[in-house]
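Please find below a colleague's note on the model shown here.

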Amino acid sequence: TMQKGTLQMVAEGSPLDAAALCAVDEATVGRLFGTGAPELRELTGFILRSLQTTGQGLQDLQCADWYTFLQSRLAEGPSCRRLVGLLVEHFPTLQDSAVYKGRPVALYKKAQVMAAELHKHFGADPQHPFLHFGDTAALTVMADNVVPAVLRREGVLVLAPELQARIDSRRPLAHLGPEEVELRACAVEAVERIVRLGPPEWCASDLDYFLWLRGKDKGFREVERHAALGTEFY
């Protein structure tokens with residue numbers, strides 16, 4: 001949905017800069033992102049908030065667009081750790097964290113995806129040295145609802161019977177509730193343990209690509225994934 005809508009914005013001439021993102025309205029989101037139906041109004045709201053707060057965040061940092069933001073903030077020290085920290089600090093829809101039993105749990109799926117993708121596609125480009133990150137091993141798996149389902153199918157994650165029944169019957173979990181946080185955090189920890197058992201060149205972000213693609217395979221795609229109503233983090 002996000003990819004389709006963003007490409008439609010570009011096709012219609014949007015520069016996708018800070019001013020354009022701030023100016024997006026509900027009707028435009030519904031039309032370009034295909035969320036105009038009444039039953040998708042909540043999703044429209046999430047997308048609208050994401051676009052507008054992103055534009056506002058860039059403007060608050062006196063950055064006209066994403067390229068300016070990345071170049072100005074990373075030129076002196078390219079680092080995925082630094083980028084993820086900046087994204088979480090300045091863009092509300094990327095502040096993917098929770099409090100579990102009184103302790104903060106940071107997951108940061110989308111911020112980490114952005115860092116990993118920028119390094120993957122532009123890190124070797126000599127014209128963009130500020131996107132070559134030497135610390136990609138610091139990234140964790142980008143836990144959403146796909147990775148836990150794949151790990152569950154492989155027998156890596158074993159759920160309590162009542163939780164498994166709830167997911168299989170498509171009953172949603174509470175957003176930022178203990179069960180949702182446990183599923184995602186346990187997926188992160190499971191992948192960290194797998195990485196430690198592998199060769200030195202393994203890192204969690206590489207394994208993330210494998211698991212995400214695995215989730216599209218027959219036998220994995222059919223595994224029910226947990227739903228958390230009201231989340232905008234994945």
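Which residues have the most contacts inside the largest nonpolar core?

1. The model is predicted: local features need pLDDT of at least 70, side-chain atom pairs count only at pLDDT 80 or more, and totals for chains, interfaces and linings use all residues. Residues are numbered from 1 along each chain as its sequence is written, and side-chain values use heavy atoms, without hydrogens and water.

2. Leu151, Val191 and Leu211 have the most contacts inside the largest nonpolar core, which has 25 residues. At least two core residues come from each of α8, α9 (161-168), α10 (178-197) and α11 (204-214), and α10 gives the largest share, seven residues. A core joins buried Ala, Val, Leu, Ile, Met, Phe, Trp, Tyr and Cys residues through side-chain atoms within 4.5 Å; helices are DSSP runs (H or I, at least four residues), numbered from the N terminus.

3. Beyond its neighbours within four places in sequence, Val191 is in contact (heavy atoms within 4.5 Å) with Val141, Leu151, Ala204, Leu207 and Leu211. A second, separate core of 24 residues includes Leu58, Phe69, Leu139 and Met142.

4. Lys109 lies in helix α7 (residues 109-122). Lys109 counts as buried because its relative accessibility is 13%, buried being under 20% relative accessible area with a 1.4 Å probe and protein chains only. Outside the four places either side in sequence, its contacts include Asp96, Asp144 and Arg184.

Methods: Buried < 20%, exposed > 50% of the residue type's maximum accessible area, 1.4 Å probe, protein only.
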